[in-house]
Each structure stands twice: as C-alpha cells, then as structure tokens.
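Welcome! Take a moment to turn the model around on your screen, and then we can walk through some of its features together.

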Amino acid sequence: GAVTINLADASTSAKGAASFNSNFFSTSSGAVSLASTLVTDTLTVQSNNTTDPFFVLYNRTDDAAGATLKFDKARGADAQDDDVIGNILFSGFDDGTPSTQDYGKIESTVADATSGQEAGNLNFYVPSYDGVLTKGLSLLGDTNADGEVDVTIAAGAASTTIISGDLTVTGDITSVGDDVSVGDNILLTSAAGKLQFTGTAGGGNEGVMY
C-alpha cells in the first residue's frame with residue numbers, strides 16, 4: 001500500500017520538507033542538478049575571508065581555446081544604437097558615513113546596429129574628483145569603414161597621458177592643440193624628410209625660435 005508522511009515546511013531553524021526551486025535546479029529520475037540557466041534578478045556570492053570570493057572559470061580541454069565570460073543582450077526585437085550590452089562595475093566605500101561609491105566601470109554598447117555593418121563601443125570609466133564616473137578610454141569600432149577602431153584617451157584638456165617607452169605612429173599626426181615638448185632629438189629618417197612650416201596666406205609668423 002501507500003504511506004503518507006506529513007511534514008511541516010523546512011526553515012532555517014527547523015527541519016522539515018524542502019523543495020528545489022526550478023529556477024535554480026533541475027530534477028530528472030530522482031537526480032537533482034544545477035540548472036543550466038538560472039532565472040533570478042540578483043545573484044550574490046559573499047565571503048568574510050580575505051581575498052575571497054574567488055570566481056574561477058576552469059577550462060581543462062587539451063586545445064588552444066579558453067573559457068568565455070559572455071554578456072548577452074536580447075531585446076526580443078531589433079537592437080538600437082547605444083544599447084548597453086553589459087557592464088562590469090567596481091564599487092566600494094568612501095570615508096564618509098561611509099557610503100557606497102563606484103570607482104570604476106567597463107561598459108560595452110552598440111555603436112551601429114545596422115545589419116551587415118555592425119560596430120561596437122567599449123568604454124572605461126573612473127570617477128574624477130567629484131565621484132562621478134567619467135569616460136577615460138573609448139574603443140569605437142568605426143561605423144563607416146571596415147577594419148578600423150578609433151581610440152579616445154583621457155577626458156578634459158588638462159588631462160595627462162603618459163607613455164612609458166617608445167611611441168610608434170604608422171600614420172600621420174594630424175593635429176596638436178598646443179605646444180609639443182620633446183626631451184631628446186627629433187630625427188627625420190626619411191630621405192625626403194622635411195621640417196615644414198605651413199601658415200596662412202601672407203605669412204603667419206612661422207619660423208624657428210632659439
């Protein structure tokens with residue numbers, strides 16, 4: 001015959017009957033496994049140990065490929081320019097109350113959603129003095145030419161960009177907003193290299209000043 005056991009629902013303080021939430025677990029032939037897709041708004045992993053939590057994607061396949069962390073944005077309709085595909089946000093406390101402060105963000109957006117000429121934008125933000133996240137580096141897939149990525153570095157005319165080591169420019173330096181200070185020699189290595197001063201008609205006081 002059949003046996004019926006009546007149990008109260010389990011809780012954090014009492015044993016009892018428990019069930020597995022189908023948003024997180026799947027059950028087949030009595031076997032319970034973690035669901036391949038977790039349906040939830042927020043998932044938090046918390047630890048009180050130093051340098052933890054530690055999140056690892058471990059690929060042990062004997063080939064040259066590696067693990068992937070993927071952010072997937074699906075409207076259920078056509079994508080739009082400037083859609084945010086995903087964010088990585090770095091947050092902590094300030095020394096006030098304390099209160100929560102965002103100290104960095106990496107953002108991926110759609111630069112051009114047009115089929116056949118899709119382009120993306122990857123932006124890096126840090127707060128600048130007032131705690132407001134400010135874009136300091138932008139990688140923009142060109143929206144009108146194949147194989148080009150435009151890079152914008154720093155924010156504001158007073159920002160400083162430091163390059164340790166050599167800088168190689170394969171194209172032209174087309175514009176300099178102000179003075180250029182060079183710590184060593186300027187070498188014209190081309191056989192046809194010239195130092196050229198180009199001004200307006202009638203002369204613009206171009207020249208070499210010692």
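The largest pocket holds about 1600 Å³ of space. Here a pocket is an open set of points on a 1 Å grid over the protein atoms alone, with protein on both sides within 12 Å along at least five of seven lines, whereas a cavity is a set of points where a 1.4 Å probe fits but cannot get out; lining residues have an atom within 4 Å of a point. Grid points are joined across faces, edges and corners, and a volume is the space filled by probe spheres set on the points. The lining of the largest pocket is made of 28 residues, and those nearest its centre are Leu167, Val169, Ile173, Val176 and Val180. By class, this lining has 14 nonpolar, 11 polar and three charged residues (Ala, Val, Leu, Ile, Met, Phe, Trp, Tyr, Cys and Pro count as nonpolar, Asp, Glu, Lys and Arg as charged, and the others, Gly among them, as polar).

The second largest pocket has a volume of about 460 Å³. Among the residues lining it are Leu43, Pro53, Phe54, Phe55, Lys70 and Ile88. Its lining divides into nine nonpolar, two polar and one charged residues.

## About the model

This is a predicted model, in which local features need pLDDT of at least 70 and side-chain atom pairs count only at pLDDT 80 or more, while totals for chains, interfaces and linings use all residues. Residues are numbered from 1 along each chain as its sequence is written, and side-chain values use heavy atoms, with hydrogens and water left out.

## Salt bridges

How many salt bridges does a search of the whole structure find? There are three, where a salt bridge is a side-chain nitrogen of Lys or Arg within 4 Å of a carboxyl oxygen of Asp or Glu.

Another salt bridge joins arginine 75 and aspartate 83, at 2.7 Å from N to O. Arginine 75 is partly exposed, with a relative accessible area of 47%, whereas aspartate 83 is buried at 8%. Lysine 105 and glutamate 107 also meet in a salt bridge, at 3.8 Å from N to O. Glutamate 107 is buried, with a relative accessible area of 11%.

## Strands side by side

Strands are DSSP runs of E with at least two residues, and helices are runs of H or I with at least four; both are numbered from the N terminus. Two strands pair if DSSP finds at least two bridges between them. Strand 4 (residues 100-112) pairs with strand 5 (residues 119-127) in the antiparallel sense, over seven bridges. Strand 5 is also joined by seven bridges to strand 6 (residues 133-141), again antiparallel.

In the hairpin of strand 5 and strand 6, with five residues between the strands, tyrosine 129 takes a positive phi near 70°.

Most residues other than glycine have a negative phi, and most peptide bonds are trans. Serine 29, in the loop between strand 1 (25-28) and strand 2, has a positive phi of about 55° and is exposed at 82% relative accessible area. Threonine 51 has a positive phi of about 65°; this residue is found in the loop between strand 2 and strand 3 and is exposed at 67%.

Where do the cis peptide bonds described here sit? One joins aspartate 52 and proline 53, with omega about 0°, and proline 53 lies in the loop between strand 2 (31-34) and strand 3. Another runs from threonine 97 to proline 98, with omega near 0°, and proline 98 is in the loop between strand 3 and strand 4.

Terms used. Buried means under 20% relative accessible area, exposed over 50%, partly exposed in between (1.4 Å probe, protein chains only).
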